[in-house]
Amino acid sequence: MGVKSIDDALTLANYAGLDLVLMSGTSTPAVGKIMDYNKFKYEKQKKQKEAQKRQRETNKEIKEYRLSVVIDVGDFETRVKNAHGYLEKGHKVKAQIRFKGRQMAHPELGREVLEKFAEKLSDVSMIETNPKMEGRIMHMLLAPKKEK
């Protein structure tokens, strides 16, 4: 509509039954728009929610599972089943073993448990990082297989 005075713009907005919204107050002259402000806020909020939803889909979570060298068969199978579900959803899984006391003398036992964990999940996952020892903790990262 071109450059108008504030009074003229307010009169036009009131006549149309809409609001006068300041879009850019820092520019010279200030830029305003005649629109339904509630509708504008609603659509802006809707776009923001959609963007968050898309961001959540791209940033999948890493689910962490703690195992032990002396883990029982039932506990192990439960963790495998839960990890299987997360991998199917597209999340990554981090399996870790904390060595306690004399277990530090046999890290190969922990590596065997992690490799067995990865083997049980091999149908839905691939090993992203092989078992690594950091202090008293050995960990491994599994990523879901890419669908073709």
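Biologist: How far does helix H4 reach from its first C-alpha to its last?
Modeller: This is a predicted model, where local features need pLDDT of at least 70, side-chain atom pairs count only at pLDDT 80 or more, and totals for chains, interfaces and linings use all residues. Residues are numbered from 1 along each chain as its sequence is written, and side-chain values use heavy atoms, without hydrogens and water. H4 covers residues 107-120, 14 residues, as a DSSP run (helices H or I, at least four residues; strands E, at least two; numbered from the N terminus). The expected span, 1.5 Å times one less than the number of residues, is 20 Å, and H4 comes close to it with a reach of 20 Å.

Biologist: Is the pair of Tyr65 and Phe117 stacked, edge-to-face or tilted?
Modeller: Rings of Phe, Tyr and Trp (its six-membered ring) pair with centres within 6.5 Å; planes under 30 degrees apart are stacked, over 60 edge-to-face, the rest tilted. Tyr65 in strand S3 and Phe117 in helix H4 are 52 residues apart in sequence, so their pair ties those parts together. With 6.4 Å centre to centre and 45° between the planes, the pair is tilted.

Biologist: Which residues form one aromatic cluster?
Modeller: Phe117 is buried at a relative accessible area of 0%. Its ring centre is 6.0 Å from that of Phe76, with the planes at 75°, so this pair is edge-to-face. Phe76 is in helix H3 and Phe117 in helix H4, 41 residues apart. The cluster consists of Tyr65, Phe76 and Phe117.

Biologist: Which residue has its charged end over the ring of Phe76?
Modeller: A charge sits over a ring if NZ of Lys or CZ of Arg is within 6 Å of the ring centre and within 35 degrees of the ring normal. Here the distance to the centre of the Phe76 ring is 4.9 Å, and the residue is Lys116.

Biologist: Which residue's backbone nitrogen does the side chain of His91 reach?
Modeller: His91 sits in the loop between H3 and S4 and counts as buried at 13% relative accessibility. Its side chain comes to 3.2 Å from the backbone nitrogen of Glu61.

How values were computed: Buried < 20%, exposed > 50% of the residue type's maximum accessible area, 1.4 Å probe, protein only. Polar contact = N/O pair within 3.5 Å; in protein donor to acceptor, adjacent residues only side chain to side chain.
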